[in-house]
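Here is a short walk through a two-part report, written for reading beside the viewer. Please keep the sequence and the 3D view open as you go.

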Amino acid sequence: MQLRAVYAEELGKLLERDPKTVLLDADLGRASGTLGLRKRFPDRIYDCGVAEQNMASIGAGLASYGFKPWIETFAPFATRRICDQIAISICYPGLNVKIVGTDPGIAAELNGATHMTMEDIGVVRSIPGILIFEPVDEVQLRAAMPALDAYEGPVYLRMARGEQPAVFGEGYEFDLFRADTLRKGTDLTICVSGIVTRDALDAAEALAAEGISCEVLNVHTIKPIDKETIIASARRTGAVLTVENHNVVGGLHAAVLEALARERVPVFAVGVEDRFGEVGKLPYLKPALGLTKEHVVEAAREAVWAKVDN
Amino acid sequence: MNCNLKDVAREIRCDVIHSIAHLGVGHIGGCLSVVELMAVLYFEAMNIDPKNPQMEGRDRFISSKGHAGPAVYAALANRGYFDKSVLLTLNQGGTKLPSHCNMRLTPGIDMTTGSLGQGFSCAVGAALGAKIAKDGARVYTLLGDGECQEGQIWEAAMFAAAKRLDNLIGFVDVNRLQIDGAVAEVNDVEPLADKWAAFGWRVIDVPKGNDVEAVSAAVKQAKANLGGGKPTMVLLRTVKGCGMKWAEDLGPANHNVAVPMEEAEAAIRALREEA
C-alpha cells in the first residue's frame, strides 16, 4: 500500500475520533491522498490553495484556538519555504501543529531538484521544540499516526508517498521516542531512517557474508533523537555509519554525530554529498546520488577499518 | 463597559509613553497611533473577561504588528488583566511584557507575533476556528500599513474572503510611515481601500483614526457585519506618534527610538492638562 494511502486512512480515523482534528492543504490534497476525506469532513478540511505560508500560520491560529491541525504539502514547501512560519507562528509558542512534508529528498523523483529537499531535516531540526519523524514502511506509519496525534506539540512528518518495501511485520511495538533495532550486530552500528532503510538492511546482509556484523538501528524519530540506544550500540560496536535520503550536512548524520560527540568512535556517512538533486526515477537517482546498498557496503567497510582501537 | 473612552485612551497613551520612557527606548510611534483602537476594543467592543483571560468563546485580538505590544499591554493593564506596575518591566530581561507580543508570557495576549505578516494569518486561523466551533466569537486583528507589503497578508486576505469569515475584523494602522521613510516612497501600498475591496472584504475607511468616537462608530459598524459573509477591514488613518508632539515631529525616526524621560513627562503633563 502506498504510504499516502496509509496516511490518509489513519488521518481519517483521527478526524473521525476527534472533532478538534482539522486538515489544511495547499493544493496538494490529491497528491497527498487526502482528497477523498473532504466529503466526509467538509467542515474540518480546508484547501488554502498555493499559499503555504498562510497555511502554516492559519494552522497556528487554529491550534491557539484549541484545534489539532495537520498541514500538508510537498516537503520543500512544508519546510524551507515556510521556515519562519514554523519557527515563529508554530514552534516559538509551542503550538500543536502537525506538518506533513511529502516526498522528501530523492522521493520527489520526476519533479527534480526544485522539489528535492536535501536540507529539510537540517532546516527544521535547528528550530527548538519540534519533533521530526520519518517512517520506513506502512506498518510503522500506521503505528506512528496515533502516537503523533497524542504527542502535544509541533511535529514534522517527513514522508515518501509511494509504496515502500516492508521492514516491519506483525506484532511491531512502536515507541515514538525509541529507535528500533532491526538487526543485532557487533562490528558496526548503522543508523538509518526512511526510504533507504531496506538498502541498509540488504547491505548488512551482504556484509555479514564477508564477516562484518552490523547492528542496524532505525532512527525514525530524528528529533528528539534516541541518544541512549545509539550511544549504547556505538559503545558495543565501536564504529557508526549513518544512512539517509538527505544531505550529509544537517540531517541524520549530523544528529547522530551530535549524539556521539563525547564518544570515541568513527562516524561515517552515506547520504547526499552536499549537492542539489536532479530529475529521474529512484533506480537512476539512488546510484547517481550515492544512496545504494553498494554505497552502504563500501562505507561500512571503511568505518570498520577506521576503528580507533585497530 | 461603562466608561468614557476618551479618558481611557488618554490613560493608555500616558502609560505607553511612561513605560517606554522608563525603559528608555521603544516602538513609540506605532504604539501611540493605535491607542484609540485599544481603548475601543478592550473597553467597549470585545467580549472578554480580565479575570479569566482564557475564557471559552471569548473574542480574540491579535496584533499582527507585534511591535504594538506596549500599546496592548497598557490597555490590558488598564482593563485589569494585571497590575499597572508591571508596565514598568516592559522589555527588560525576565519581563512578561516583551517588545513583541507573546501568548505564553502575557495574560490576555492571544497570539505570539513579531514576524510581520504571520499574525494576520493566525487571526484568520482563529476566525476559522471560531466558525468551526460555532461559538459566535469574533476575531480582531491589527496590521501596519508597512506590513501590508508582506506577501503573506494577501494570501490571508484571499483566504478569509474565500472562506467567508465574516467574524473577522481587521484594522490597518495607516500612519503612512515605516522605518525607512514614507510608505508611499518606500513601496506604496495604496490604494488600500480598493485593494481590500478587490480581495472581497468589506472596507470601512476612517479618516480620523485617532478620534476615539470615529473608531468606536467604525467598530460598531464592523460588528454588525456578522452574517454578511464578508470579513471587514477598517482603515484607520492615524498619526504615527499621535499625542506626543516630540514623537510626531521625529517622523519615520519615531519607529523605534530612544525616548528621554523629560520628553515623556512633558508629554504626559500636556495630555493631563488637556483633560
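## Ground rules

This is a predicted model, in which local features need pLDDT of at least 70, side-chain atom pairs count only at pLDDT 80 or more, and totals for chains, interfaces and linings use all residues. Residues are numbered from 1 along each chain as its sequence is written, while chains are lettered from A and ligands numbered from 1 in the order in which they are written.

## Chain B as a whole

Chain B holds 11 helices and 9 strands; helices (H or I, at least four residues) and strands (E, at least two) are DSSP runs, numbered from the N terminus. Its radius of gyration is 17 Å, close to the 19 Å that the globule rule gives for 275 residues, so chain B is as compact as a globular protein of that length. That radius is taken over C-alpha atoms, and the globule rule is 2.2 Å times the number of residues to the power 0.38. Along the principal axes, the C-alpha atoms of chain B fill a box of roughly 50 × 45 × 35 Å.

Of the 275 residues in chain B, 55% count as buried. A residue is buried if 20 or more other C-beta atoms lie within 10 Å of its own, exposed if 12 or fewer, and partly exposed in between, with C-beta atoms placed from the backbone. Among contacts in chain B with a separation of 6 or more, 75% come from residues 24 or more positions apart. Two residues are in contact if their C-beta atoms, placed from the backbone, lie within 7 Å.

## The parallel sheet of chain B

Chain B has an open sheet of 5 strands in the order S2-S3-S4-S8-S7, with parallel pairing. Strands S2 (60-63) and S7 (202-206) of chain B are the edge strands, each pairing on one side only. From one strand to the next, the twist averages 20°. Two strands pair if DSSP finds at least two bridges between them. Angles run from 0 to 180 degrees between N-to-C directions, and axes are lines fitted to C-alpha atoms, for helices over the stretch in contact.

Within this sheet, strand S3 (residues 139-144) and strand S4 (residues 168-174) of chain B run parallel and are joined by 6 bridges. Here B:Val139 stands opposite B:Leu168 in S4(B).

## The mixed sheet of chain A

In chain A, an open sheet of 5 strands has the order S7-S9-S8-S11-S12, with mixed pairing. S7 and strand S12 (267-272) of chain A stand at the edges with a single partner strand each, so one side of each is left without a neighbour in the sheet. The twist averages 25° from one strand to the next. Helix H11 (residues 252-259) of chain A lies across S8, strand S11 (240-247) and S12 of chain A, and runs at about 145° to S11(A).

Strand S9 (residues 214-218) of chain A has 5 of its 5 residues buried, so it is largely enclosed by the rest of the structure. A:Cys214, A:Val216 and A:Asn218 point one way from S9(A), with A:Glu215 and A:Leu217 pointing the other way. S9(A) pairs with strand S7 (residues 180-183) of chain A in the antiparallel sense over 3 bridges, and with strand S8 (residues 188-192) of chain A in parallel through 5 bridges. A:Leu217 in S9(A) stands opposite A:Thr181 and also opposite A:Cys191.

## The nonpolar core

Which residues touch the most other members of the largest nonpolar core? They are A:Ile190, A:Ala300, B:Met38, B:Ala39 and B:Val124, in a core of 201 residues. Helix H3 (residues 35-45) of chain B gives the most to this core, with 9 residues. Domain 1 (3-159) and domain 2 (180-305) of chain A both contribute residues, so the core lies between them. A nonpolar core is a set of buried Ala, Val, Leu, Ile, Met, Phe, Trp, Tyr and Cys residues joined through C-beta atoms within 7 Å, and domain bounds come from an automatic or database domain assignment.

H3(B) is mostly covered, with 10 of its 11 residues buried; B:Met38 and B:Ala39 are among them. Leaving out residues up to four places away in sequence, A:Ile190 touches residues including A:Cys214, A:Val216, A:Leu241 and A:Ala300.

## Contacts between chains and domains

Between the chains, 23 residues of chain B are in contact with 23 residues of chain A. Helices H5 (118-133) and H6 (151-162) of chain B are the elements giving two or more residues to the side of chain B that touches chain A. H5(B) gives the most to that side, with 11 residues.

Inside chain A, the centres of domain 1 and domain 2 are 26 Å apart, taken over C-alpha atoms. In this chain, 24 residues of domain 1 are in contact with 31 residues of domain 2. On the domain 1 side, helix H7 (120-125) and strand S5 (131-133) of chain A are the elements that give two or more residues.
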